[in-house]
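Please look over the sequence and the structure, then consult the points below.

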Amino acid sequence: MGLISDGTTIFDAGALDSGLAKGALTFIKKLSASTSNTLTFHNGASSVVLDNTYKEYLFTFNNIHMNTDSARFQFQANVVGGADFNETMTTTLWHSQHNQAGSFTRLAYGSTSYDQAEGTAFQNLSSAGPADGNAERSQVGTIRLFNPSSTTFAKHFISEFNDAESDDYCTTVRVAGYFNTTAAIDEVRFQGSTGNFNGDICLYGIA
Amino acid sequence: MGVISNGTTLLDAGAIDSGVPTGSMTLIKTLTASSSGTLSFVNGASNVVLDGTYKQYVFKFIDIHTASSANLEFNATTNGSDFNITKTSNAFYAGHREDASGAAIGYSGVDEAQATGFQQITTGDNVAIDNDSSIVGTLDIFNPSDTTFVKHFRSTTTFMGIDGSVRSSNSGYVAGYFNTTSALTGFQFKIRSGNIDSGIIKLYGIK
C-alpha cells in the first residue's frame with residue numbers, strides 16, 4: 001500500500017519516496033568491540049552498505065580503548081573479491097600534541113614509519129594508545145571515505161583522531177591519502193597495531 | 001490527505017510535518033561538472049537554498065577531475081553575480097610522495113590578506129591529471145546570511161598531486177573569513193586554469 005498526500009507520494013512499496021525531503025546522513029551499521037582483534041565492515045554482510053549507494057561514507061569512532069600499551073589504531077581495505085586487506089596506499093600523517101604537565105607542545109609531520117608511500121600495510125590512524133591500566137583513556141575520531149565504488153578514480157579518505165595517549169599526552173592525528181586502485185572497494189577493517197581493543201564504530205552514508 | 005497519529009501531525013500537504021525528526025543534515029543541491037568552467041550555487045536559483053534557513057552549509061567535493069594541473073578555488077557573492085568578496089585566510093598542507101622521496105607539513109602561500117580573488121582550497125604539489133586522479137573534500141560555511149559578523153569558512157581537501165613524474169598524496173587545510181557584514185548569497189567554484197573536467201559538488205544545510 002502506498003500513501004499519497006496532496007498529489008505527492010509519501011511512501012510506496014515499503015519505503016519513503018526518494019523525492020521526499022529527509023535527512024542526508026543515514027546510519028548504516030554499528031559494531032562494538034569487546035577485546036576484539038578486528039572489526040570489519042563488508043558490503044552485503046550483516047546489513048552493511050558500502051557500495052555506490054552513497055558517494056561518501058563516514059565512520060565514527062567512540063571511545064576506542066587499546067588493551068595493549070602503545071598500540072596504534074589502524075585500518076585497511078579490500079577491493080571487491082579481495083581478502084587480504086593489503087591495498088596499496090599513499091598517505092600523509094601529521095599531529096599536534098600537548099601534555100598534561102603543560103611542559104610540551106608539538107606540531108609536526110609524522111614519522112615516516114607511520115605514513116605510507118605505496119605501502120600495503122594497515123594505515124595508522126592514531127598515536128600510541130593507552131595501556132590497560134589506564135582504563136579511562138580512549139581515542140575518538142572520524143574517517144571520511146569518498147566514492148569507494150568508483151572504478152575510475154583512486155579512493156581518497158580523510159581522518160581525524162584525538163587521543164588521550166600514554167604518558168599523559170593529548171594528541172590529535174590527522175591522516176589523509178588514497179588507495180591507489182581503480183577497483184571498487186567494498187570492505188574496510190579496523191585493528192590495533194598489536195593486541196585487541198574495545199569501543200564502538202559506526203558507519204553512515206551521506207546522500 | 002494528511003496523517004495524524006495520537007494527535008501529532010506526521011505529514012500533510014505532500015510533505016513530512018516540520019515537527020517530525022528527519023535528520024539535521026539536508027541535501028540541498030547536487031551539481032555535476034562536465035568540462036565546466038565554473039559551478040555556482042546561488043540562493044533562489046535552481047532550487048538552491050543559501051540564506052537564513054541554516055546556520056551552517058557544507059559543500060562536498062566528490063572526485064573533481066581537472067583538465068589541467070591547477071588548483072580548485074572558490075569565491076562568494078553578495079549580489080548573486082559578482083564573486084569578488086574580500087577575505088583573509090590561512091592555509092597549510094601535508095604532502096607525501098609515492099616514491100617516499102619527500103614528506104612534509106608546512107604553511108602554504110595560497111593564503112589571502114584582504115584579497116578579492118578566488119581562494120584556493122587545494123594546496124601542496126600540482127594537481128595530477130591522470131585518469132585516476134581527483135580531488136575530494138569538504139568546505140564549511142558558517143552563517144552566511146548574517147548581517148552582523150564576518151563570514152567564516154574552513155576546508156579540508158585531499159588529492160593526488162604530481163611533482164615531475166612522481167605522484168603524491170596532498171592534503172590541504174584552509175580557513176578564513178569573508179570580511180563583510182553583508183549576507184553572502186552564493187558561491188562559485190572553478191579551477192585556476194582550465195575546466196573542471198568531471199566531478200560532483202554537493203551542498204548541504206545543517207540545522
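This is a predicted model: local features need pLDDT of at least 70, side-chain atom pairs count only at pLDDT 80 or more; totals for chains, interfaces and linings use all residues.

**The interface**

- Chain B contributes 50 residues to the contact, and chain A contributes 43 residues.
- The size of an interface is often expressed as the accessible area lost when the parts come together.
- Between chain B and chain A, the buried area is about 3,400 Å², and carbon and sulfur atoms give 67% of this area.
- One salt bridge is counted between chain B and chain A.
- This salt bridge joins the side chains of A:E56 and B:K60, at 3.0 Å from N to O.

**Chain A as a whole**

- Chain A contains 15 strands and zero helices.
- The C-alpha trace of chain A spans about 65 × 35 × 30 Å along its principal axes.
- Chain A has 207 residues, of which 52% count as buried.
- Among the contacts in chain A with a separation of 6 or more, 71% come from residues 24 or more positions apart.
- The accessible surface of chain A is about 8,500 Å², and 45% of that surface belongs to carbon and sulfur atoms.

**Salt bridges within the chains**

- Side chains of opposite charge can pair when their charged atoms come close.
- Over all chains, the structure holds twelve salt bridges.
- A:E56 forms one of them with A:R144, and the closest N and O atoms are 2.9 Å apart.
- Because A:E56 lies in strand β6 (residues 56–66) and A:R144 in strand β11 (residues 139–146) of chain A, the pair ties together parts that are 88 residues apart in sequence.
- A:E56 counts as buried at 1% relative accessibility, whereas A:R144 is partly exposed at 24%.
- In chain B, the side chains of B:R97 and B:D163 meet in a salt bridge of 3.1 Å, N to O.
- That pair links strand β8 (residues 87–97), which holds B:R97, to strand β13 (residues 151–163), which holds B:D163, across 66 residues.
- B:R97 is partly exposed at 23% relative accessibility, and B:D163 is partly exposed with a relative accessible area of 38%.
- The side chains of B:R167 and B:D130 also meet in a salt bridge, at 2.3 Å from N to O.
- Shared partners join the salt bridges of A:E56, A:R144 and B:K60 into one network.

Key. Residues are numbered from 1 along each chain as its sequence is written. Chains are lettered from A and ligands numbered from 1 in the order in which they are written. Side-chain values use heavy atoms; hydrogens and water are left out. Contact means heavy atoms within 4.5 Å. Buried area is the accessible area (1.4 Å probe) that two parts lose on being put together, summed over both. A salt bridge is a side-chain nitrogen of Lys or Arg within 4 Å of a carboxyl oxygen of Asp or Glu. Helices (H or I, at least four residues) and strands (E, at least two) are DSSP runs, numbered from the N terminus. Buried means under 20% relative accessible area, exposed over 50%, partly exposed in between (1.4 Å probe, protein chains only). Accessible areas come from the Shrake-Rupley method with a 1.4 Å probe; for residues, only the protein chains shown count as cover.
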